[in-house]
Amino acid sequence: LMKQIKNLYGTALILDNIGDLYYKKGQYPKALDYHLQSLAIIQNIKSNDLLRCSYNYLARTYFSMGNYKKAYEYTTEEVKLKDTIYKEESRKSYAEMEAKYQNEKKQTEIVLLQQNNKIASIELSAQRRTSWLLVIVIALILLATFSLYKSYTARKKTNAALNTLNQQLQEANSSKARLISIISHDLRSPVSS
């Protein structure tokens with residue numbers, strides 16, 4: 001069925017399982033035949049997990065058949081493949097941890113940038129408030145200065161008008177005093193005569 005649907009992985013897996021069944025029955029040459037067929041397919045699809053299992057089955061089968069040299073070769077290949085798989089998994093794990101670290105680092109940077117933006121926004125609004133406050137204070141100072149200037153000029157004009165009136169009053173008083181002195185002199189003369 002796996003050959004019909006052209007599933008090489010499934011075919012190799014089933015061939016290894018059939019070989020394992022023959023191994024358990026003690027029919028080592030048939031088991032070896034199925035394991036070798038499986039190995040040929042696995043080498044084409046390059047599946048490290050299946051290849052490791054196939055090396056294990058072949059080493060065990062050759063060992064049971066008394067071919068220790070071949071058993072040793074396949075055991076050695078299995079150990080090398082285990083090391084390769086472990087190194088690859090370690091590398092993947094390291095890459096995942098590195099990616100996770102970089103992601104967390106970027107998230108932290110984003111949070112820091114957002115906080116910095118909030119702080120900058122608060123500082124900017126504080127600066128704007130300070131600017132408006134300064135403008136208002138300067139406007140009030142200018143208004144007060146203008147008011148004081150107007151008040152000063154009005155007083156100056158009023159004082160000038162008062163001084164003019166005082167001079168006129170003094171002239172009127174002096175004219176009145178002269179008139180009274182003339183009248184009193186004129187009245188005294190006939191009265192004394």
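Me: What makes the reach of α1 close to the expected one?
Reply: In this predicted model, α1 has 18 residues and spans 26 Å from first C-alpha to last, close to the expected 26 Å. The expected span is 1.5 Å times one less than the number of residues. Helices here are DSSP runs (H or I, at least four residues), numbered from the N terminus.

Me: Good to know! Why is asparagine 7 said to cap α1?
Reply: One of its side-chain oxygens lies 3.3 Å from the backbone nitrogen of tyrosine 9, at the N-terminal end of α1. A polar contact needs a pair of N or O atoms within 3.5 Å, and within protein one must be able to donate a hydrogen and the other to accept it; residues adjacent in sequence count only if both atoms are side-chain atoms.

Me: Why is asparagine 103 called partly exposed?
Reply: Its relative accessibility is 44%. Buried means under 20% relative accessible area and exposed over 50%, with partly exposed in between (1.4 Å probe, protein chains only), so the label follows. Asparagine 103 lies in α4.

Me: And which elements do the buried residues of α1 pack against?
Reply: They pack against α2 and α3, contact being heavy atoms within 4.5 Å. Among these buried residues are Leu15, Tyr22 and Tyr23.

Me: Which residues does tyrosine 62 touch?
Reply: Leaving out residues up to four places away in sequence, tyrosine 62 touches Leu32, Leu36, Asn67, Lys70, Ala71 and Tyr74.

Me: How were these values set up?
Reply: Residues are numbered from 1 along each chain, and side-chain values use heavy atoms, without hydrogens and water. Local features need pLDDT of at least 70 and side-chain atom pairs 80 or more, while totals for chains, interfaces and linings use all residues.

Technical notes
Helices (H or I, at least four residues) and strands (E, at least two) are DSSP runs, numbered from the N terminus.
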